[in-house]
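Have the structure open beside you as you read.

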Amino acid sequence: MYLAKVHITLRKSILDPQGKAVEHAVSTLGVSGVQDVRIGKYVEFRIDRPSEKEVRSAAEEVCRKLLANPVMEDFSLEVVKG
Amino acid sequence: MKVGIVVFPGSNCDHDAYYAFKTLLGQEAVFLWHKDHDLKGCDAIILPGGFSYGDYLRCGAIARFSPIMNEVIPFANDGGTVIGICNGFQVLVEAGLLPGVLLRNSSLRFVCRYIRVRVENNSTRFTNRCAEGEILRVPVAHGDGNYLTDPATLRRLEEKNQILFRYCDTSGKLTEESNPNGSLANIAGIMNEAGNVMGMMPHPERASDPLLGHTDGRKILESMINSFLEPAYEPVLSTHQSGR
């Protein structure tokens with residue numbers, strides 16, 4: 001069994017208004033020098049395949065076709081045993 | 001015309017659409033449950049507004065995998081008339097039936113109010129009852145209506161006259177203030193290149209009953225009916241008012 005860990009973020013070229021709002025709140029908090037706040041999602045799921053290669057390929061399909069919308073989002077996928 | 005209104009878990013404008021088509025406009029209307037595998041011989045399919053699957057993951061992303069969509073997608077690809085309103089528009093872009101995406105409103109606020117749109121192309125099965133450049137007053141109610149697409153797609157949408165509605169002010173000018181959600185080029189509604197699939201964020205079905213004071217939206221619904229009927233459809237407003 002493998003564990004797939006997926007981070008999904010808005011693509012760099014897309015303005016992230018939530019990130020901007022949080023960035024503003026950080027400066028109000030009084031912590032200086034914080035910039036480029038981007039809000040994203042974290043998804044994890046377990047998946048069983050005979051090899052890590054097959055896990056990766058199936059997990060990538062899930063990311064590409066469902067978890068992330070490639071028009072506006074990027075994803076990064078990490079696969080670990082367990 | 002027989003209209004099928006898809007009901008996803010979380011749809012909440014399905015009855016508004018049913019009422020508008022059936023009671024106000026005298027058409028045959030049926031609900032299509034998301035688990036159905038049959039479009040029941042409908043001439044047109046409505047994907048209504050609401051919060052399908054609680055807007056989990058992304059608006060419209062889960063609804064796109066509902067069993068009924070396995071029927072709606074081929075129906076659309078074969079030239080069948082499909083209209084997505086609000087959440088229905090989000091489902092259509094997630095399903096790849098329309099280009100682009102609908103992002104969080106640039107204000108980060110849920111916007112629920114009347115806005116104005118300008119009719120950009122009135123030679124379509126969704127706008128043939130409107131005049132070119134006509135200004136319609138219709139309500140919006142959404143948190144994720146900020147339309148975005150890449151520059152090449154925007155150019156193609158403009159060249160092929162696929163942009164049907166743009167947010168405008170009372171004089172028809174496309175201003176930033178009149179844009180409720182930050183949409184690219186003030187886009188409020190688009191259709192596919194073939195002209196049979198249309199998505200829009202405003203709610204025409206909620207501006208169709210004279211009792212509620214605004215009836216601009218019914219021009220869009222009447223356009224759809226009109227495109228199915230020969231000779232041209234005549235509005236049935238007066239006869240149906242007495243029957244309610």
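Helix α2 (residues 52-67) of chain A lies across β1, β2 and β3 of chain A, at about 150° to β3(A). Angles here run from 0 to 180 degrees between N-to-C directions, and the axes are lines fitted to C-alpha atoms, for helices over the stretch in contact. Helices (H or I, at least four residues) and strands (E, at least two) are DSSP runs, numbered from the N terminus. Please keep in mind that this is a predicted model, in which local features need pLDDT of at least 70 and side-chain atom pairs count only at pLDDT 80 or more, while totals for chains, interfaces and linings use all residues. Residues are numbered from 1 along each chain as its sequence is written, and chains are lettered from A and ligands numbered from 1 in the order in which they are written.

**The sheet of chain A**

The three strands under discussion form an open antiparallel sheet in the order β2-β1-β3 (chain A). Because β2 (40-47) and β3 (73-81) of chain A stand at the edges with a single partner strand each, one side of each has no neighbour in the sheet. From one strand to the next, the twist averages 20°. Two strands count as paired if DSSP finds at least two bridges between them; strand β1 (residues 2-10) of chain A and β3(A) are antiparallel and share 9 bridges. Within that pair, Ile8(A) stands opposite Phe75(A) in β3(A).

The cut-offs are 20 or more other C-beta atoms within 10 Å for buried, 12 or fewer for exposed, and partly exposed in between, with C-beta atoms placed from the backbone. Phe45(A) and Ala4(A) are 41 residues apart in sequence, yet their C-alpha atoms are 5.3 Å apart in space.

**The sheet of chain B**

Chain B has an open sheet of 9 strands with mixed pairing, in the order β2-β1-β3-β4-β11-β10-β9-β6-β7 (chain B). Its edge strands, β2 (28-33) and β7 (135-142) of chain B, each pair on one side only. Ignoring direction, neighbouring strands of this sheet are turned by 25° against each other on average. In general, strands of a sheet pair through backbone hydrogen bonds, either parallel or antiparallel.

| Strand pair | Bridges |
|---|---|
| β9 (residues 163-168) and β10(B) | 3 bridges |
| β10(B) and β11(B) | 3 bridges |
| β6 (residues 111-119) and β7(B) | 8 bridges |

Ile163(B) has Ile190(B) in β10(B) as its bridge partner, Gly189(B) has Met200(B) in β11(B), and Cys112(B) stands opposite Ala141(B) in β7(B). Strand β10 (residues 187-191) of chain B is mostly covered, with 5 of its 5 residues buried.

**A buried serine and the cores**

Ser208(B) sits in the loop between β11 (197-200) and α5 (218-228) of chain B. Why does Ser208(B) count as buried? Because 28 other C-beta atoms lie within 10 Å of Ser208(B). Its contacts beyond four places in sequence include Ala20(B), Leu24(B) and Arg218(B); a contact means C-beta atoms, placed from the backbone, within 7 Å. Leu25(B) is 183 residues away from Ser208(B) along the chain, with 9.1 Å between the two C-alpha atoms.

A nonpolar core is a set of buried Ala, Val, Leu, Ile, Met, Phe, Trp, Tyr and Cys residues joined through C-beta atoms within 7 Å. The largest has 74 residues, and those with the most contacts inside it are Ile5(B), Val6(B), Ile45(B), Ile46(B) and Leu92(B). A second, separate core of 7 residues includes Ala4(A), Val6(A), Val55(A) and Ala68(A).

**Where the chains meet, and confidence**

At the interface, 10 residues of chain B are in contact with 8 residues of chain A. The chain B side divides into 5 nonpolar, 2 polar and 3 charged residues. Here Ala, Val, Leu, Ile, Met, Phe, Trp, Tyr, Cys and Pro count as nonpolar, Asp, Glu, Lys and Arg as charged, and the others, Gly among them, as polar.

The model scores ipTM 0.85 and pTM 0.91.

Key: Two residues are in contact if their C-beta atoms, placed from the backbone, lie within 7 Å.
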